[in-house]
Amino acid sequence: MAIRKIARMGHEILKGIANPITDPTAPEFTRLAQDLIDTCEDIGGNGIAAPQVYEPVRMFVYRVRKEVMPVGAKMAEIPWTVVINPKITPLTDEKKAYWERCLSLPGLYGQVRRFTKIRFEAVGLDGAGITITAHRFHARLLQHEYDHLQGQLLLKQLKRKVRKEALKEISIKGFPGDKI
Ligand code: NI
């Protein structure tokens, strides 16, 4: 078990396109996946992508717990799931806005528009393919983590005015919890 340091907005590692993983079954990726789970579990998060722990590869882990689902959501909980080399295909034109937060932007919430239904393809640590159709909250979470592999943070998805306000807030106060 290893809890890794989480990169925060502004760090170069969060801005690059992460590299495809050629051998998902290699032991180093099993270790990385466990570190991602341990790190995310420790901070009570729902998902974390490898670049957020300074590893520029196309992997993320996520889970869906009852307590974080929007009120009235009918989906089942999803245990920790490891995905490698994911691909997202929107299955609708519809996008909805909802509040999101990110471990690399501690203390901030932003409303982000996401596709409400997607096809999600990836491989697991055993190298086997995963293909699912994800809706609403599940789809949102997958799109959020996928963006990390593309070097994008949720701030980029915010409306310009909101983004400006958020950046102003960060530059004046620093991230909440930061020691000066
Ligand atoms: Ni994030």
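This is a predicted model: local features need pLDDT of at least 70, side-chain atom pairs count only at pLDDT 80 or more; totals for chains, interfaces and linings use all residues.
With a relative accessible area of 6%, Glu 100 is buried, and the side chain takes part in polar contacts with two arginine side chains, that of Arg 114 at 2.9 Å and that of Arg 140 at 2.7 Å. Arg 114 is itself placed in strand β5 and, at 4% relative accessibility, is likewise counted as buried. Beyond the contact with Glu 100, the side chain of Arg 114 also makes a polar contact with the side chain of Asp 147, at 2.7 Å. Arg 114 therefore has side-chain polar contacts with both Glu 100 and Asp 147, while being buried, because its relative accessibility of 4% falls under the 20% cut-off.

The residues that follow concern the metal site. The nickel ion has as its protein donors Cys 102, through SG, and His 144 and His 148, each through NE2, at distances of 2.1 to 2.3 Å. Along the chain these donors are arranged with the spacing C-x41-H-x3-H. Cys 102 belongs to the loop between β4 (95–100) and β5 (110–115), whereas His 148 belongs to helix α2 (residues 136–149), so that the pair ties together parts of the chain that are 46 residues apart in sequence.

The largest pocket holds about 570 Å³ of space, and 22 residues line it, of which Asn 46, Glu 100, Arg 101, Cys 102 and Tyr 109 are the closest to its centre. The nickel donor Cys 102 and the buried Glu 100 are thus both named among the residues closest to the centre of the largest pocket. Two or more lining residues are contributed by each of β1 (47–49), β4 and α2, and the largest share of the lining, six residues, is supplied by α2.

Aromatic residues were examined next. Across the whole structure, two aromatic pairs are found. In one of them, Phe 60 and Phe 120 form a tilted pair, with 6.0 Å from centre to centre and 55° between the planes. This pair links distant parts of the chain, since Phe 60 lies in strand β2 (residues 59–64) and Phe 120 in strand β6 (residues 117–123), 60 residues apart. Phe 60 and Phe 120 are both buried, and ring pairs join Phe 60, Tyr 62 and Phe 120 into a cluster. An aromatic ring is also involved in an arrangement with a charged residue, in which Lys 95 lies over the face of Phe 115, at 4.8 Å from the ring centre.

Backbone geometry draws attention to two further positions. Most residues other than glycine have a negative phi. Against this background, Tyr 54 has a phi near 70°, a positive value in a residue other than glycine, and Arg 136 has a phi near 40°, which is again positive in a residue other than glycine. Tyr 54 is located in the loop between β1 and β2 and is partly exposed, with a relative accessible area of 30%. Arg 136, by contrast, lies in helix α2 and is exposed, with a relative accessible area of 60%.

His 135, which is found in strand β7 (residues 129–135) and is counted as partly exposed at 34% relative accessibility, is 60 residues from Met 75 in sequence, with 9.0 Å between the C-alpha atoms. Gly 44 and Ile 118 are 74 residues apart in sequence, and their C-alpha atoms are 26 Å apart. Of this second pair, Gly 44 lies in the loop between α1 (27–43) and β1 and is partly exposed, with a relative accessible area of 39%.

How values were computed
Residues are numbered from 1 along each chain as its sequence is written. Side-chain values use heavy atoms; hydrogens and water are left out. Donors are N, O and S atoms within 2.8 Å of the metal (3.2 Å for Na, K and Ca); water is not among the atoms, so sites may look incomplete. Helices (H or I, at least four residues) and strands (E, at least two) are DSSP runs, numbered from the N terminus. Buried means under 20% relative accessible area, exposed over 50%, partly exposed in between (1.4 Å probe, protein chains only). A polar contact is a pair of N or O atoms within 3.5 Å; within protein, one must be able to donate a hydrogen and the other to accept it, and residues adjacent in sequence count only if both atoms are side-chain atoms. Rings of Phe, Tyr and Trp (its six-membered ring) pair if their centres lie within 6.5 Å; planes under 30 degrees apart count as stacked, over 60 as edge-to-face and the rest as tilted. A charge sits over a ring if NZ of Lys or CZ of Arg is within 6 Å of the ring centre and within 35 degrees of the ring normal. On a 1 Å grid over the protein atoms alone, a cavity is a set of points where a 1.4 Å probe fits but cannot get out, and a pocket is an open set with protein on both sides within 12 Å along at least five of seven lines; lining residues have an atom within 4 Å of a point. Grid points are joined across faces, edges and corners, and a volume is the space filled by probe spheres set on the points.
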